[in-house]
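Subject: Structure handover

Hello,

Here is the structure you will be working with from now on. Please open it next to this email and look up each residue as you read.

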Amino acid sequence: MKNQSMKYLAAMLLLGLVMGGCATQSSSENQQDSTLQQSVEQNEAAEKEASEAGISYEEALQISCTEAGTERSAVEDFSVELDKDGSRLIYEVEIIVGDSEYEYEVDGKDGAVLEKKQTKYLRSAAEQQAEISYAEAVAAALQHAQLKAGDAQVWKQHLAEDDGAAVYEIELMTKEHHYEYEISGSTSQVLESEQKKR
């Protein structure tokens, strides 16, 4: 009788552990599903915003270059982001030409320049010592993503200092994916990469 009770107790304990493990696994899976769902929703919202814009990222960049009185080819360091301010779509554009940094807010519907700001831009010692060019950093990102130059738009190419080293931050966009890279400014090695579905 005592032996039978012990077996029953052991069986119940084992069942409890299995059920608890299933609940934990189910909770973990639910959390992963929730995170994935949020990511999908954010990507869908960003894609919807981009499709509602009357001008493209490249056009917003070109408008900013014209406003700054510079050619697109003279701009090395830049970033373009599409944001929503209430019901209005706005491109936030930053470009660096020489020792000047220009920041613009460009209306996403008609390309009107809403705000502009110019400041002096000084690079750190590490940034000044980068051994590869912006073009080489973009080429390294494209190669890693297995893309050709015409397959993706460059939304960001920025040189920054990270722990005393020059690092290029590169963002590429295709119709289906968004790629983010950190590229070593001295070796063109890919330090970090992330690929997301749009």
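Val167 is part of strand S6. Is Val167 buried or exposed? Its relative accessibility is 5%, and buried means under 20%, so Val167 counts as buried. Leaving out residues up to four places away in sequence, Val167 touches His158, Leu159, Ala160, Asp162, Glu182, Ile183, Gly185 and Leu191. One of these, Leu191, sits 24 residues away from Val167 along the chain, and the C-alpha atoms of the two are 8.7 Å apart.

Please keep in mind that this is a predicted model. The average pLDDT of the protein chain is 82, and 74% of the residues score at least 70. Residues 8-15 have a pLDDT under 50 throughout, and the model gives this stretch zero contacts beyond four places in sequence. Residues 21-28 are also below 50, with zero contacts in the model beyond near neighbours in sequence.

Now the overall layout. The protein chain has four helices and eight strands. Read from the N terminus, the order of the elements is α-α-β-β-β-β-α-α-β-β-β-β. The chain has 198 residues, of which 33% count as buried. Among contacts with a separation of 6 or more, 42% join residues 24 or more positions apart.

Next, the cores. In soluble globular proteins, nonpolar side chains tend to be buried together. Which residues have the most contacts inside the largest nonpolar core? They are Leu61, Val80, Tyr91, Val93, Ile95 and Tyr104, in a core of 21 residues. At least two residues of this core come from each of helix H2 (57-68), S1, S2 and S3. Apart from this core lies another, with 18 residues, including Ala141, Tyr168, Ile170 and Leu172.

Beyond its neighbours within four places in sequence, Val93 is in contact with Ala60, Leu61, Ser64, Ser79, Val80, Tyr102, Glu103, Tyr104 and Val106.

Helix H4 covers residues 134-144, and its buried residues are Tyr134, Ala137, Val138, Ala140, Ala141 and Leu142. What do the buried residues of H4 pack against? Their partners are S1, strand S5 (153-162), strand S6 (165-173), strand S7 (177-184) and strand S8 (190-197).

Gln146 has a relative accessible area of 73%, and exposed means over 50%, so Gln146 is exposed. Asp163 is in the loop between S5 and S6. Asp163 is not a glycine either, and has a positive phi of about 55°. With a relative accessibility of 80%, Asp163 counts as exposed.

Last, the empty space. Rolling a probe the size of a water molecule over the atoms shows where empty space is left. How many cavities of 30 Å³ or more are there? The count is one, and the largest cavity has a volume of about 30 Å³. The residues lining the largest cavity are Tyr57, Glu58, Leu61, Phe78, Val80, Gln153, Val154 and Trp155. By class, six of the lining residues are nonpolar, one is polar and one is charged. H2, S1 and S5 each give at least two residues to this lining. Leu61 and Val80, which line the cavity, are also among the residues with the most contacts inside the largest core.

The second largest pocket has a volume of about 160 Å³. Its lining consists of Ser79, Glu81, Glu92, Val93, Glu94, Glu103, Tyr104, Glu105, Glu115, Lys116 and Lys117. Strand S1 (77-85), strand S2 (88-97), strand S3 (100-107) and strand S4 (113-120) are the elements that give two or more residues to this lining. By class, the lining of the second largest pocket has two nonpolar, one polar and eight charged residues.

Regards

Terms used:
Residues numbered from 1 in each chain as written. Heavy atoms only, no water. 1 Å grid on protein atoms, 1.4 Å probe; cavity = no way out; pocket = protein on both sides within 12 Å on 5 of 7 lines; lining within 4 Å. Points joined across faces, edges and corners; volume = space filled by probe spheres on them. Nonpolar A, V, L, I, M, F, W, Y, C, P; charged D, E, K, R; others polar. pLDDT = per-residue confidence, 0-100. Contact = heavy atoms within 4.5 Å. Buried < 20%, exposed > 50% of the residue type's maximum accessible area, 1.4 Å probe, protein only. Core = buried A, V, L, I, M, F, W, Y, C linked by side-chain atoms within 4.5 Å.
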